[in-house]
Amino acid sequence: MKPISDGHVAKPGLAVVEVAAADDETAFAIQELLATQWAIAPADRTTHEPGEPGVRLRCYLDMQQQPEA
């Protein structure tokens with residue numbers, strides 16, 4: 001995954017969330033759960049690092065904004 005930039009965490013309430021899960025379905029379920037509480041910039045795919053178990057997903061969260069309906 002690309003490095004996290006200063007802009008992603010430039011002020012309180014912004015966060016980068018990385019999920020490690022056994023499969024895509026689980027990773028996207030976690031992302032969906034986060035989206036019910038906060039505004040997020042969702043990921044559209046997971047990544048798999050060769051030699052590491054499972055998949056990873058990164059999404060960007062803004063706790064100051066309400067989630068989109």
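## Contacts of Ala 35

Contact here means heavy atoms within 4.5 Å. The model is a predicted one. Leaving out residues up to four places away in sequence, Ala 35 touches Ile 40 and Pro 67. Ala 35 itself belongs to helix H1.

Pro 67 is 32 residues away from Ala 35 in sequence, while their C-alpha atoms are 6.1 Å apart in space.

## Sheet and helix

Three strands form an open sheet in the order E1-E3-E2, and their pairing is antiparallel. Strand E1 (14-21) and strand E2 (39-41) are the edge strands, each pairing on one side only. On average, neighbouring strands of this sheet are turned by 35° against each other, direction ignored.

Strand E3 covers residues 55-62 and is joined to E2 by three bridges, the two strands running antiparallel. Ala 39 has Asp 62 in E3 as its bridge partner. Helix H1, residues 24-35, lies across E1, E2 and E3 and runs at about 10° to E3.

## Nonpolar core

The largest nonpolar core has ten residues in all: Val 19, Ala 21, Ala 27, Leu 34, Ile 40, Ala 43, Val 55, Leu 57, Cys 59 and Leu 61. Two or more of its residues come from each of E1, H1 and E3. E3 gives the most, with four residues.

Val 55 is one of the core residues. Not counting residues up to four places away in sequence, Val 55 touches Val 19, Ala 20, Ala 21, Ala 22, Asp 23, Asp 24, Ala 27, Thr 46 and Thr 47. Among these, Val 19, Ala 21 and Ala 27 are also listed in the core.

The side chain of Thr 46 makes a polar contact of 2.5 Å with the side chain of Asp 24. With neighbours within four places in sequence left aside, Thr 46 is in contact with Asp 24, Ala 27, Phe 28, Val 55, Arg 56 and Leu 57.

Notes: Residues numbered from 1 in each chain as written. Predicted model: local features only at pLDDT ≥ 70, side-chain atom pairs only at ≥ 80, totals over all residues. Heavy atoms only, no water. Pairing = 2+ DSSP bridges. Axes fitted to C-alpha atoms, helices over the stretch in contact; angles between N-to-C directions. Core = buried A, V, L, I, M, F, W, Y, C linked by side-chain atoms within 4.5 Å. Buried < 20%, exposed > 50% of the residue type's maximum accessible area, 1.4 Å probe, protein only. Polar contact = N/O pair within 3.5 Å; in protein donor to acceptor, adjacent residues only side chain to side chain.
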